[in-house]
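Please open the model in your viewer and keep the sequence panel beside it. The stops below follow one another as a series of selections, each with a short account of what is found there.

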Amino acid sequence: MKKQVTMREIAEALHTSVVTVSNAMAGKKGVGEELRRQILEKAAELGYDCPEAEENAKEKVITLGIISSRRYMSEDSSFYWEMYQNTVRSAARRNILTMLEMLGEDEEDFFASLLASKNEIDGFIIIGRIEDGLMQRILHSLREPVVLLDFYRPGYRCDAVLSNNYMGAYRITDYLVSRGHREIGFVGTGRTSRNVVERYYGFCRCMQEHSLPIVREWLLEDRDLWTETPRIVLPERMPTAFVCSSDYSAGQLYNELTKRGLRVPEDLSVIGYDDYLYGNAFSERLTSYHVDMAAMAEAAVRMVLERIGAPRKPYRTRYVDSVIVERTSVRSRQAET
Amino acid sequence: MIKKVTMEDIGKRLGVSVVTVSKALRDQKGVSDQLKEQIQRTAGEMGYRRSSRAHNMRVSHTIGIIIAERFLEKHQSFYWSLYQQLAKRIVEKDSTPLLEVISAEKETDNVLPMIIAGQRSDGIIVMGTFRRRYMELLHNTPERTMPLVCLDSEVELDRDDAIISDNIGGGYVMTNYLLSLGHRRIGFVGTLLATSSIDDRYLGYIKALMQHGIEINYRWIIPDRDRASGRLLESQEIRIPDSKGQTGEVAPTAYFCNCDLTANTLIAALDARGLRVPEDISVVGFDNHLPGGVPNEGITTYEIDTKRMVARAVSRIFQKIDNPTFSGNVIVVGGSFIERHSAVRAGDPVPYV
């Protein structure tokens, strides 16, 4: 791990005292403007984690642009609309204005609007996945800091906040194993979402650690790969439990199982990821890894503020961890084994 | 497929920034006329397909939306839903919504919104009600340079340009409905003086009773929340009037609740006493909205046409931006009655006086 940069190192690099560095960072008087600038630049250059940067950024009125797909923003309730609500609440607590930029069908329209208003915006938070080409274009044309929320691709020159996909999926798999399940399948289509891929790896890792086989026929796609419409085809021989890459796919799976006359958890255990299942009665029974939207939104707002205060720090990705919310969709098999 | 020409392509060709291209195509300030013309010509030559936005050459506006923190609780509330529709509508009008949430503290201390103080938008839509003193500040402050429209806030302060929902009319419709089902003993559930929409819905209730020659029984006006904090009561805290044999006091056969959420709570409270809805008691609500995505399947209710309110508010603010001297009037938007299964006939319709 990289060694933490201290104020002393900054002071030494500039041949000044620690007190002066501290005063400069805290915005106190007694430090000349030029020296203050030098200190802040040096701190950023050395990668000093400067908590005061956020404090300093707070003083002026800050406007954040929040970008998300119009599709997510116009559904009466969606995961990302709720993420947006959390982001607005986090911003409001800090007295920050938020400007909503909806990404519709017409990319040019979006850019026209984005560029027209961007002069007043200090930083951006992008909620949810955006197609790669467009994302490159956005990062290329915006000079202001950008933080991605619940989505990232290696190589993007920006910060990101993600749910701890790998750890979360590991935990829900481990939860099933600890309740006596040995034959465990996975539901999710990784091709469209990095989140799902990471969750799949978490599942694999846990299975391997317990020396359990990853059975090909138990890895189910949750949509038709050609039409992208939701579709789950159940295998001939069933495992005793499924890890689902999202609550949505858990809901789909549940519907399919019900059609076949299989009961959850009596015949089969199901565990989900998100703790956000909308408009399916199964949500009241589904045990799931809770995605802490409030904490993620809070982290994103904090990150963009830090970035505004220290533009040259290396880019970071933060993984927000959370807990399993236990309901009744998993049956314990311990008694039988 | 031919590759779409983008603003970047035009910028590259002319050696100017994308922002400059965008401004020139939208005929905005900050670009010299000569360069503007050159950019527009080049765009034409390169076959730049103007988006509907650029094509209309419509100036895009920033619309400030001001709302009290208390209305933006967790999950999809009435105001979140209204804000969502509003934001969508503003975007459809090629403009951008800028949201400012006013904390209770700022409201109490009469601190001017940052959007107004910093002149950060072209127009302002105030959503929901603030304290009277704060509403007055928003209306009267000389620092406000942009026009203002009120959406669903208290009417008497909005001397002009307010879009309000017809809560009195809705309360009247719902109470009349119960009367037409033969209910004479009708209670009202809602804390008076807590919000202006509760008060207005109550007034509609009074009007309907009055027109049917029925006296108000104040013991049947039942609080549903704490007046100061707005905290909604739990079902076990709801005070339901009992029939008392010795005093001859009888309980209502039907209740009009000021919102569906309260109707839900009341139904749970009645259920706890072994009273079934609608077999034993009829209950109707208001809003056609339950938070957190709980579907409203059973409650007969009244739905305010929020889509129309939003459309009116947005077109009104644009009118005022285009013409600063424009002053409209109060627009009252009604709604529709939605009959489900929570109320049943108790006898012949109660006749009007």
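Leaving aside its neighbours within four places in sequence, which residues is A:Y84 in contact with? Select A:Y84 and display its surroundings: in chain A the partners are A:I66, A:M73, A:L100 and A:I127, while in chain B they are B:W80, B:Y83 and B:L99, where contact means heavy atoms within 4.5 Å.

Before going further, note that this is a predicted model, in which local features need pLDDT of at least 70 and side-chain atom pairs count only at pLDDT 80 or more, whereas totals for chains, interfaces and linings use all residues. Residues are numbered from 1 along each chain as its sequence is written, chains are lettered from A and ligands numbered from 1 in the order in which they are written, and side-chain values use heavy atoms, with hydrogens and water left out.

**The cores**

A nonpolar core is here a set of buried Ala, Val, Leu, Ile, Met, Phe, Trp, Tyr and Cys residues joined through side-chain atoms within 4.5 Å; buried means under 20% relative accessible area, exposed over 50%, and partly exposed in between, with a 1.4 Å probe and protein chains only.

**Chain A**

Now colour chain A by secondary structure, which comes to twelve helices and twelve strands; helices (H or I, at least four residues) and strands (E, at least two) are DSSP runs, numbered from the N terminus. The C-alpha atoms of chain A fill a box of roughly 75 × 45 × 30 Å along the principal axes, and 55% of its 337 residues are buried. Among the contacts in chain A with a separation of 6 or more, 66% are between residues 24 or more positions apart.

Move to A:D150, in the loop between β4 (146-149) and β5 (159-163) of chain A. Is this residue buried or exposed? A:D150 is buried, with a relative accessible area of 6%, and its phi is near 65°, a positive value in a residue other than glycine. Next, select A:V264 and A:P265, which are joined by a cis peptide bond with omega about 5°; A:P265 sits in the loop between α11 (247-259) and β9 (269-274) of chain A. Most residues other than glycine have a negative phi, and most peptide bonds are trans.

**Chain B**

Switch to chain B, which has twelve helices and twelve strands. Its radius of gyration is 26 Å, whereas a compact globule of 353 residues would have a value near 20 Å; the radius is taken over C-alpha atoms, and the globule rule is 2.2 Å times the number of residues to the power 0.38. The C-alpha atoms of chain B fill a box of roughly 90 × 50 × 35 Å along the principal axes, and buried residues make up 52% of the 353 residues.

Select helix α2 (residues 18-25) of chain B, which is largely enclosed by the rest of the structure because seven of its eight residues are buried. The buried residues are B:V18, B:V19, B:T20, B:V21, B:S22, B:A24 and B:L25, and the helix is followed by B:D27, whose phi is positive, near 60°.

Continue to helix α8 (residues 132-140) of chain B, whose buried residues are B:Y134, B:M135, B:L137, B:L138 and B:H139. Those buried residues pack against β2 (96-102), α6 (104-108), α7, β3 and β4 (148-151) of chain B.

The loop between α7 (114-117) and β3 (123-127) of chain B holds B:D122, which is partly exposed, with a relative accessible area of 34%. Not counting residues up to four places away in sequence, B:D122 touches B:S60, B:H61, B:T62, B:M146, B:P147 and B:I321. The C-alpha atoms of B:D122 and B:T62 are separated by 5.5 Å, although these residues are 60 residues apart along the chain.
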